[in-house]
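Let's walk through this one starting at the ligand and then moving out to a sheet.

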Amino acid sequence: MISKFVTKTILPNSTIGVFGSGQLGRMFAIEARKLGYRVHTFSPESDTPTGQVADIETQAAYEDLYEVRTFAQSVDVVTFEFENVPSACVEAASEFVDVFPRGEVLHIAQNRRREKTFLSENGFPVTPFRHVTTLDELREAVGSLGTPCVLKTAGFGYDGKGQSKIMSPADIEPAFEKLSRQESVLESFVDFDKEVSVVCARDQAGNFAHFGVMENEHANHILDVSFAPAIVSERTFNEAIEITRNIAEALGYVGTLCVEYFLTRDGRLLVNELAPRPHNSGHLTFDACVTSQFEQQLRAVCGLPLGSTEFYRPAAMANLLGDIWQNGEPNWTAAMSDPNVKIHLYGKAEPRPGRKMGHLTVTSENALKAAAAVRRMRASLQRY
Ligand code: AMP
C-alpha cells in the first residue's frame with residue numbers, strides 16, 4: 001500500500017479529536033496542550049484519564065454514528081488511542097475529517113487473523129499460526145502446529161485477555177470453551193530469549209523515526225517493566241528497526257506505531273503484534289527523550305516535521321497496577337527518595353487488581369541500572 005496523502009498542516013490552536021479516553025490519550029493530550037492544541041476525546045465513558053486533560057469530553061457509544069459525525073465536524077483531525085473502534089465509526093468520521101492512522105490500518109490491527117495474514121503475506125516473520133473457527137479445526141491445527149501452543153481470540157484481545165495455553169490434546173476443548181468458541185488464531189508457543197519492541201513514527205511524507213529497541217518484561221501477560229536501550233546485538237537492533245520500518249511503509253502508516261517482537265533463543269525476531277498507536281513500552285520516552293512517542297503522534301497527524309528521538313539518558317519504566325493500592329494509598333514519598341524517579345498517575349478513581357493506574361520512570365547511566373532502580377522504587381510504594 002502506498003500512501004497518497006497530500007500533507008495538510010494542522011496548526012496549534014486547532015482541535016485534535018481522539019477516539020478512546022485512557023492513559024495513552026491522556027499523555028497524548030498533555031503533549032498536545034503543551035503545543036497549544038485543543039483536544040476533544042470521544043468514548044463511552046466519562047471523567048476519563050483523557051477527558052480530565054482534554055478541553056472537551058464526549059461520552060457516547062462508538063456505534064452512535066450521529067454523535068460520531070457531530071464529533072468529527074467539531075475537530076480538525078482525528079486520531080485514536082484505542083484500536084478497537086468499529087470500522088463504521090472511523091468511516092463516519094472520515095466523511096468530515098482526516099483520520100490517522102487510516103481506517104484500513106485499524107481494520108488490520110484490530111484482528112489477529114488479519115494482522116498475521118497481512119504480515120506473513122508481506123514476508124514479515126511471524127510465529128507459525130492457524131486460523132480456527134470450529135473445534136474440529138482447532139484439533140487439526142493443534143495436530144499440525146504441535147504443543148505447546150496458544151489459542152487467542154481473533155478480536156478484542158489485549159494484555160493476555162482472550163488467551164489460553166494448550167499443553168496437550170486434553171486442553172483443546174477447555175481452551176475453546178474458555179474463549180467462548182470464538183473465531184481464534186492458534187499460535188506455536190515461542191520459547192523466547194526475550195521480548196522487545198520498536199516504537200516508531202511515520203509522517204505524511206513518509207519520513208520515519210524510531211526510538212531504538214525497548215526490552216520488555218511481562219508478568220501475568222501484562223507488561224511489567226520496559227527499559228531502553230535493550231540489551232541486544234547490533235545485528236538484532238538493525239534487523240528490528242528494518243522490519244519495523246518496512247511494516248510502517250507497507251501499511252502507508254501515519255502516526256506512532258509499535259511493533260512487538262519475540263527474540264528467539266537462536267537469535268531470530270518474530271513479530272508478535274502491532275499496536276497502531278503509542279504503546280506502554282514507549283512511555284519512558286516521555287521523560288527520557290527529546291520528543292516523546294505522544295508528541296510524535298501529534299506531529300505526524302498534524303503534518304508537522306517529526307522531532308528528534310534522541311535519549312537524554314538510558315531509562316526504565318515500571319507499570320503501577322491497582323494491586324499496589326491493596327493496603328491503602330501507595331507511599332509516594334518513598335518512591336521519590338530517588339530524585340531520578342518520575343511518577344505518572346492516570347487519574348483513575350478505582351484501583352482494581354491488574355488495572356494500569358500509572359507508571360514510574362527512572363533515568364540512569366545505563367539501562368540495567370535504571371531497571372533495577374525502577375523496580376526498587378516501585379517496591380518502596382507498597383504498604384504492608
Ligand atoms: P499478546 O496479548 O499476544 O501480546 O500476549 C501477551 C503476552 O503473552 C506476550 O507478551 C508474551 O509474553 C505471552 N505470549 C503471547 N503469545 C505467545 C506465544 N506464542 N509464545 C510465547 N509467549 C506468548
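Predicted model: local features only at pLDDT ≥ 70, side-chain atom pairs only at ≥ 80, totals over all residues.

**Around the ligand**

Residues are numbered from 1 along each chain as its sequence is written, and side-chain values use heavy atoms, leaving out hydrogens and water.

In total, 16 residues surround the ligand, and the closest are Lys152, Glu187, Val190, Glu195 and Glu273; to be near, a residue needs a heavy atom within 4 Å. By type, the shell splits into 5 nonpolar, 6 polar and 5 charged residues, with Gly counted as polar and Asp, Glu, Lys and Arg as charged.

Now for the polar contacts (pairs of N or O atoms within 3.5 Å). Lys152 puts a polar side-chain atom 2.8 Å from a ligand nitrogen. On the oxygen side, a side-chain N or O atom of Glu195 sits 2.6 Å from a ligand oxygen, and for His221 the distance to a ligand oxygen is 2.9 Å. The protein covers 94% of the 480 Å² of accessible area that the ligand has on its own (Shrake-Rupley, 1.4 Å probe).

Elsewhere, 4 strands make an open, parallel sheet in the order S3-S2-S1-S4; strands are DSSP E runs of at least two residues, and pairing takes at least two DSSP bridges. At the edges are S3 (56-59) and S4 (77-80), each pairing on one side only.

Terms used:
Polar contact = N/O pair within 3.5 Å; in protein donor to acceptor, adjacent residues only side chain to side chain.
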